[in-house]
Amino acid sequence: TGHMTDLLYVEQELLSSLEKHIAEQELRLQRVKRWKEMKEAESHVATSDPEGFLGNPINAYHTMRMGQRWAALENFLQESAEGFVSRLAERRALFPSEEDRVGAARALLRLQDTYALDAELLASGKLPGVPLVSASALSADDCFSLGRLAYSEGRYARAEPWLGHALSQEGVGDEGTVGASDVLDYLSYSVYRLGDVQRALNLTRRLAVLDPDHPRAQANLHYFEYEM
């Protein structure tokens with residue numbers, strides 16, 4: 001418990017650092033925007049009459065320094081993230097390991113088994129007997145992680161509601177979250193293993209439309225259609 005409490009304060013510290021980083025980035029972004037607007041104006045003049053523009057030796061020299069200007073911008077953008085990234089790297093050693101994460105997920109699934117709790121109820125964070133003030137809802141990523149763990153252990157009846165809830169959550173597929181195609185891939189096979197071939201086929205059709213190049217979508221479509 002002591003280590004987990006420390007993690008709460010580590011995250012609080014990182015959020016404070018992130019807030020400072022965002023403020024710094026906003027100032028830097030303003031500088032980048034001003035630079036972009038200046039270069040756009042110059043580029044408009046240059047491309048409206050390339051021969052006339054390059055006929056001026058100063059403009060020709062300036063054009064030949066284009067690589068240096070963009071390299072300077074690249075360095076500026078990279079340096080802008082170094083402070084926060086270095087602070088994040090320093091704290092990474094304190095983060096829970098993959099083993100810790102899997103252990104916590106298994107503990108949550110055991111709790112669900114013991115008290116026959118609904119996945120959606122668990123995902124809301126509103127557990128019986130637990131004060132609502134401490135409720136913390138699970139994200140689509142969280143639900144997918146739990147569903148995938150149950151899936152990997154062959155517990156398809158337990159995996160299905162977690163994966164289904166992940167798919168239904170707003171924001172699934174947004175940047176930084178699990179993609180809907182990943183959820184559909186695991187969910188369709190879980191449903192198939194539970195004997196609902198028609199639903200597995202429907203989910204796989206959604207997957208094929210969403211991600212036509214998915215490595216298993218077409219093969220599973222043919223297989224489920226054959227099973228029907």
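Arg158 forms a salt bridge with Asp113, in which the closest N and O atoms are 2.5 Å apart; a salt bridge is defined here as a side-chain nitrogen of Lys or Arg within 4 Å of a carboxyl oxygen of Asp or Glu. The pair links distant parts of the chain, since Arg158 belongs to helix H8 and Asp113 to helix H5, 45 residues apart. Helices are DSSP runs (H or I, at least four residues), numbered from the N terminus. The structure is a predicted model, in which local features need pLDDT of at least 70 and side-chain atom pairs count only at pLDDT 80 or more, whereas totals for chains, interfaces and linings use all residues. Residues are numbered from 1 along each chain as its sequence is written, and side-chain values use heavy atoms, with hydrogens and water left out.

Asp113 also meets the side chain of Arg155 in a salt bridge, at 2.4 Å from N to O. Because Asp113 lies in helix H5 (residues 98–115) and Arg155 in the loop between helix H7 (140–152) and helix H8 (156–168), this pair ties together parts that are 42 residues apart in sequence. Buried denotes a relative accessible area under 20%, exposed over 50%, and partly exposed the range in between (1.4 Å probe, protein chains only).

A further salt bridge joins the side chains of Arg199 and Glu160 (2.9 Å, N to O). This pair too links distant parts of the chain, with Arg199 in helix H10 (residues 197–210) and Glu160 in helix H8, 39 residues apart. Arg199 is partly exposed, its relative accessible area being 31%. Over the whole structure, the search finds eight salt bridges.

Helix H8 contains 13 residues. Among its buried residues are Arg158, Glu160, Trp162 and Leu163. The cover over the buried residues of H8 includes H5, H6, H7, H9 and H10, contact being heavy atoms within 4.5 Å.

The largest nonpolar core comprises 34 residues, of which Trp162 and Val183 have the most contacts inside it. Such a core is a set of buried Ala, Val, Leu, Ile, Met, Phe, Trp, Tyr and Cys residues joined through side-chain atoms within 4.5 Å. At least two residues of this core come from each of H5, helix H6 (119–124), H7, H8, helix H9 (180–193), H10 and helix H11 (217–227).

How values were computed
Expected span 1.5 Å × (residues − 1).
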